[in-house]
Amino acid sequence: MSSEKGVAVVVTAMLLSVLLHSNVARADTYNVGDSGGWSFNVTGWADNKSFKAGDTLVFKYKTEFHNVVAVNKACYDSCEPTGKVYESGNDEIQLEKGDSFFICGKPGHCAAGMKIAVAAT
């Protein structure tokens, strides 16, 4: 075996060893509201879940009844639908590090529990 091939084999083996022994972070996908989807009374859905930056939230809902609005904390608290609006019925939103807030922008829906707060590390 030539010395170049030998070096390549050693480098490859070292890289594989590092990859196999490293704790590679994997992004997860979460269906908001689980099997019930984005609906009323999902406020506590995010409790006891560990979210990471890069994870994806999937909001599934009927577009004739609901939407999703990404809001700031003040708008979350007051149910003010001022923010980025999603309306596909199958919205995929990737989390960034920190707190994220989502509400349904249809009148009365946020106040009825269609809102979640998510903290991603």
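1. In this predicted model, Lys52 is partly exposed, with a relative accessibility of 25%. Lys52 forms a salt bridge with Asp28, where the closest N and O atoms lie 3.1 Å apart. The two residues are 24 residues apart and link distant parts of the chain: Asp28 belongs to the loop between helix 1 (3–21) and strand 1, and Lys52 to the loop between strand 1 and strand 2. Asp28 is also partly exposed, at a relative accessible area of 34%.

2. Lys52 has a salt bridge with Asp55 as well, with 3.4 Å between the closest N and O atoms. Asp55 counts as buried, its relative accessibility being 0%.

3. The salt bridges number three by the rule applied. One of them joins Asp77 to Lys73, with the closest N and O atoms 2.9 Å apart. Both residues lie in helix 2 (residues 73–78); because they are four residues apart there, about one helical turn separates them. Asp77 is partly exposed at 47% relative accessibility, and Lys73 is partly exposed at 45%. Through shared partners, salt bridges join Asp28, Lys52 and Asp55 into one network.

4. Three strands make up an open sheet in the order 1-2-5, and their pairing is mixed. Strand 1 (29–31) and strand 5 (90–94) are the edge strands, each pairing on one side only. From one strand to the next, the twist averages 20 degrees.

5. Five bridges connect strand 2 (residues 56–60) with strand 5 in the antiparallel sense. Opposite Leu57 stands Ile93 in strand 5.

How values were computed. Residues numbered from 1 in each chain as written. Predicted model: local features only at pLDDT ≥ 70, side-chain atom pairs only at ≥ 80, totals over all residues. Heavy atoms only, no water. Pairing = 2+ DSSP bridges. Axes fitted to C-alpha atoms, helices over the stretch in contact; angles between N-to-C directions. Salt bridge = Lys/Arg side-chain N within 4 Å of Asp/Glu carboxyl O. Buried < 20%, exposed > 50% of the residue type's maximum accessible area, 1.4 Å probe, protein only.
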